[in-house]
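Visitor: I would like to go through this model step by step. Please show it to me, and then I will ask about its parts.

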Amino acid sequence: MIERIVELSIEHRKAVLIATFLLALLGFGVSSELAFDALPDVTGNSVVVLTRAAGFNPEEVEQLVTRPVEIRLGALPGTVGQRSVSRFGISAVTVLFDEATPMFLARQLVSERLAGVGAELPPGAELPELGPLSGGLGEIFQLTVSSATRSPSELLTITMLDLAPVFRRVPGVVEVNPWGGRRRTVDIILHPERLAPRKLTVESVRAALEGEFRAVPGNTLVSGDRQVFLRGTSLSTDPAELGRRLIRPGVFLSDIATIEEGHEPRTGAATRDGRGETVYVMLQMLRGANALEVLERVKAVLPEARAALPPDMRMELVYDRSVLVHRTLRTVFTNLAEGGLLVVIVLFLMLGNTRAGLLVASSIPLSMLGATTGMVLLGVPGNLMSLGAIDFGLLVDGAVVMVESVYHRFSTSSDPNEPIEARVKASTLSVARPVFYSVLIILVVYIPILSLTGVDGALFRPMALTVVLALTTSLLLVLTFVPAACAVWLRAPSQTEVEPWLVRGLRRSYDPLLDWSLGHPRAVTAGGAVLLALAVVLFARAETTFVPQLDEGSLVIQTTRRPDITIEAAVRASNELEAAVLKAAPEVRSVASRIGSPAVATDLMGLEQADIFVEIAPRSEWRDGLTREALIEGIEHEIDGLDRESEVSFTQPIQMRFNELVGGETTDVALSIYGPDLERLRGFAERASSALAAIPGVDDARILAPPEVALVEVVPDPFSVAAQGLSSGEVLDAVQALRNGLHVATAVEDRQRIPIRLRLFGPESELGLEQVLLPVESGSLVPLHRLAEVRRRPVPSLVSHEDGLRRIVVGFNVRGRALGTVVEDARAAFEKAVDLPAPYRAAWKGQYESLVEARERMALVVPVSLLLILGLLLLAFRALGPALLILLNVPFAAVGGIIALTVRDLPLSISALIGFIALSGIAVLNGVVMTSRLRGLLLDGVPAAEAARRAARSRLRPVMMTALVAALGFVPMMLATGVGAEVQRPLATVVVGGLLSSTLLTLVILPTWVAWLGDRRSRPRA
């Protein structure tokens, strides 16, 4: 069948070439629609449920809000886990679904379960709502809006009413989420000393105002043959007009209250460059959208957005994902271009014929068109992983062997009058089967990678799919286009033409080496055994990590301050830190902080937490010799001591989200401790944090749940309350009216909804709480301590759950050492420092958990790949001996790969393991080329030693060509230093190093063993 396809392609060569050209044009058109991004989105199928419960402390939120929602969402079809966080006034429950569940179905299932949960929630809690339909890497564009003259309320109002609608109209933008500013209210502040003489209480005033502040529909009135609409309203935000409202005959609102502008309790704030408060705006992309296209649309409306703001307001960029995408793609395309150029140079130097070189090189663009067409049709975007692992050398390996065979026959044919078509047919048919199986083996070893799941699957499946598409196209070209083109384009060389100088030089070096190895088989075998043993030792001692960290060119400083910090103090601290960071290094261009949670709490942070985005100049503008580590150290030195109670850690925008997606936390590693008692959990976490901080490589070790905060609790005494003619509810309403206010109406002014709140005048300090005076109907004033018990107790500032179990998390980042090695040391230190009694337990999460899961999957994927290779070799040779002999290329290839990693001081990462899998297929190709020639000679009756010598010499050029083009195609990737090179470098290093050792086996060790075994053992049975 394989030979017949080749024959037909030669016989109908013009039709094949025309069809190839037309398909290439079609592929070019489809490929122009390819989407691009920096990295694959590793967001799992998850749905976030947010529920606001203003005024509830974390334990109340946990018990009254989070647990009912968790129970409702339990056992949903397709769920694989559940996480939740309960903070002051808000609950976030994240439901994790398996990959097979479509996202819209997952959201529908969650919505259906939440339909009746409102009846189970306490009064004051809002109905749950779903988070935006965006991925974990959906924060594509961030900016700040500021003004030197406007108040925070004005900034937020203009941002949300004028600026946000411009961005919301952009296709692909799913949410415009602000931090900072203030939401305006109108506060009616009652004075107890004015209420008492008039025998008014807070409740009586509230009842009067609720009847006074109303808006009612009146349907329509007839006016001739027309109608006019009727409406009655008694709503206003004007203090003077409100003050004229009658509470009861003779008593106006202005007699008993002060009316002023206020603002709702704030859950977040924002600052920039140490200049004071601003509004921070984050644009979130619809999940699955094309990041570059969405960003282009966003930038297209920026002039309109600026025009929507008053002249005294300015809009400044904080983060633009397209900068990273373009830098990453520049690295990818530079590596591809340099690798392709090296491959083409090798082809011309080794073949010594322009036509032959161009023919082989044409396989590169044609194979890439096939790959990118498939990527568009399958929805795989082009990014660092999907395009970064393409080696042009792989795409031409089959064409190299086939064209070299044709060219070799042209040079050695004994019949100069033999027609070119006959020569091409004879030479291509002789290598068609081994070439087919060789390329198929390279293709097949990538297929098990497609079975990966979880984070490693999301990262590496696009890469494997792209390579499979490219290699499939390459294989089709080898069987059709290449033979047809050979028959049309290639010409027999002249009689005076000699081998290229590079090939002659290789032969001069190789022939003595081959003669020596054939004469010293024991020494060659011993040397091979030593190399294998060395590889085993290096594998055992290798440090491990999940994936190398991508240098994004930006920094995020995460700060955690005192858990009871006020928002005003947090703003001051952020301004001081921003000024220090700007002073630390001239490479820092701007600094912007987002404190606490945004309006839509996709980031469920407390006021004690802040993410500080640091914009850094491109590397080309850095001082000579400055490294990223040195830059971070300089910033650390400058900000050290600003706030001794703060914890500071350094990360990057995507890395922060990547860690959160992997393990639910923003650090590289998260140690989760589970148990029922929060106080004991805190004690275990403190001991663990101290033990982990002392381990080399552990950076920013900290407890990710803030410590307890003070709570003042007012508990009415029923007897005392009744004696004063009040109810417990009235006392509690008075407590709420002190700071939060009682809602009495909502007015609309200039497109803005403005709550009108009733508040009770009282001290802002908790020290005067007991002395707050409450008016009673008798006309007297009663201090709060005579009506209720005022208790002070600590409460947790955050309660975290995983699958319904309480947990506390100790997180840390890893710097200077491999992640796997650091965590192994951390596990030992934790077990020594903390003895967890039942039912308490611990689990290591984050990137380490993904590393362990990936190892387990790789332990299955690698044997499956080897079995697939063995199966194809058995199909190709129909004998076990040659198949096993060729399979020896795999461990010998691994020898060079692990040595190369060790020499370059690179840890054993998942990227490197993928490199070993790819390498196994490439290494086997040369074994197939050599062994097929050996078997042919042995079947012809040539003695084993002579067959080994002749096969090795005749296959020197194709073996060296395939090895060189495959290795050199990865060399630019191995040596690259641009953005994203860290992720590609381990894979490329493994392939380049492995090809060196596998080529040594193919050209030296394999012929030596065949000769040593002798004629009888080597000759296959007919």
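**Confidence, folding and local details**

Guide: This is a predicted model. Over residues 1018–1022 pLDDT stays under 50, and for that stretch the model has 9 contacts beyond four places in sequence.

Visitor: In which helix is confidence lowest in the chain?
Guide: The chain as a whole has a mean pLDDT of 85, and 96% of its residues reach 70 or more. Confidence is highest in helix 11 (residues 302–307), at 94. The lowest value, a mean of 70, belongs to helix 23 (residues 653–663).

Visitor: What share of the residues counts as buried?
Guide: The chain contains 34 helices and 30 strands. Its C-alpha trace spans about 125 × 80 × 55 Å along the principal axes. Of its 1022 residues, the buried share is 57%.

Visitor: Among contacts between residues at least 6 apart in sequence, what share joins residues at least 24 apart?
Guide: Leu-469 gives an example of how sequence and space relate: Leu-469 and Thr-560 are 91 residues apart in sequence, yet 47 Å apart in space, C-alpha to C-alpha. For the chain, the share of such contacts that join residues at least 24 apart is 79%.

Visitor: Is Leu-469 buried or exposed?
Guide: Leu-469 lies in helix 17 (residues 454–479). Apart from neighbours within four places in sequence, Leu-469 is in contact with Ala-371, Gly-374, Met-375 and Leu-378. Its relative accessibility is 19%, and the cut-off is under 20%, so Leu-469 counts as buried.

Visitor: On which side or sides of helix 32 are the buried residues?
Guide: The buried residues of helix 32 (residues 944–954) are Ala-944, Ala-947, Ala-948, Ala-951, Ala-952 and Ser-954. They cover an arc of only 170 degrees around the axis, so they are on the same side of helix 32.

Visitor: How are helix 10 and helix 12 oriented to each other?
Guide: Helix 10 (residues 291–300) and helix 12 (residues 321–351) pack with their axes 10 Å apart, at an angle of about 135 degrees. The contact involves Leu-292, Leu-295 and Lys-299 of helix 10 and Arg-321, Ser-322, Val-325, His-326 and Leu-329 of helix 12. Angles over 145 degrees count as roughly antiparallel, and 65 to 115 as roughly perpendicular. The two helices, helix 10 and helix 12, are therefore oblique.

Visitor: Is the crossing of helix 10 and helix 12 left-handed or right-handed?
Guide: The angle of about 135 degrees is taken between helix 10 and helix 12. Their crossing is left-handed.

Visitor: Is the peptide bond from Ala-838 to Pro-839 cis or trans?
Guide: Most peptide bonds are trans. Pro-839 sits in the loop between helix 27 (819–833) and strand 30 (841–846). From Ala-838 to Pro-839, omega is near 5 degrees, and the bond is cis.

Visitor: Is Ala-75 buried or exposed?
Guide: Ala-75 has a positive phi, near 60 degrees, whereas most residues other than glycine have a negative phi. The residue Ala-75 belongs to the loop between helix 3 (58–72) and strand 2 (79–87). With a relative accessible area of 73%, Ala-75 is exposed.

Visitor: Where is Asn-219 found?
Guide: Phi of Asn-219 is positive as well, near 65 degrees. Asn-219 has a relative accessible area of 60%, and so is exposed. Its place in the chain is strand 8 (residues 215–223).

Definitions and conventions:
Residues are numbered from 1 along each chain as its sequence is written. This is a predicted model: local features need pLDDT of at least 70, side-chain atom pairs count only at pLDDT 80 or more; totals for chains, interfaces and linings use all residues. Side-chain values use heavy atoms; hydrogens and water are left out. Buried means under 20% relative accessible area, exposed over 50%, partly exposed in between (1.4 Å probe, protein chains only). Helices (H or I, at least four residues) and strands (E, at least two) are DSSP runs, numbered from the N terminus. The arc is that of the directions from the helix axis to the C-beta atoms. pLDDT is the predictor's confidence in each residue, from 0 to 100. Contact means heavy atoms within 4.5 Å. Axes are lines fitted to C-alpha atoms, for helices over the stretch in contact, and angles run from 0 to 180 degrees between N-to-C directions. Angles under 35 degrees count as roughly parallel, over 145 as roughly antiparallel, 65 to 115 as roughly perpendicular and the rest as oblique. A crossing is left-handed if the near helix is turned anticlockwise from the far one by less than a right angle, and right-handed if clockwise.
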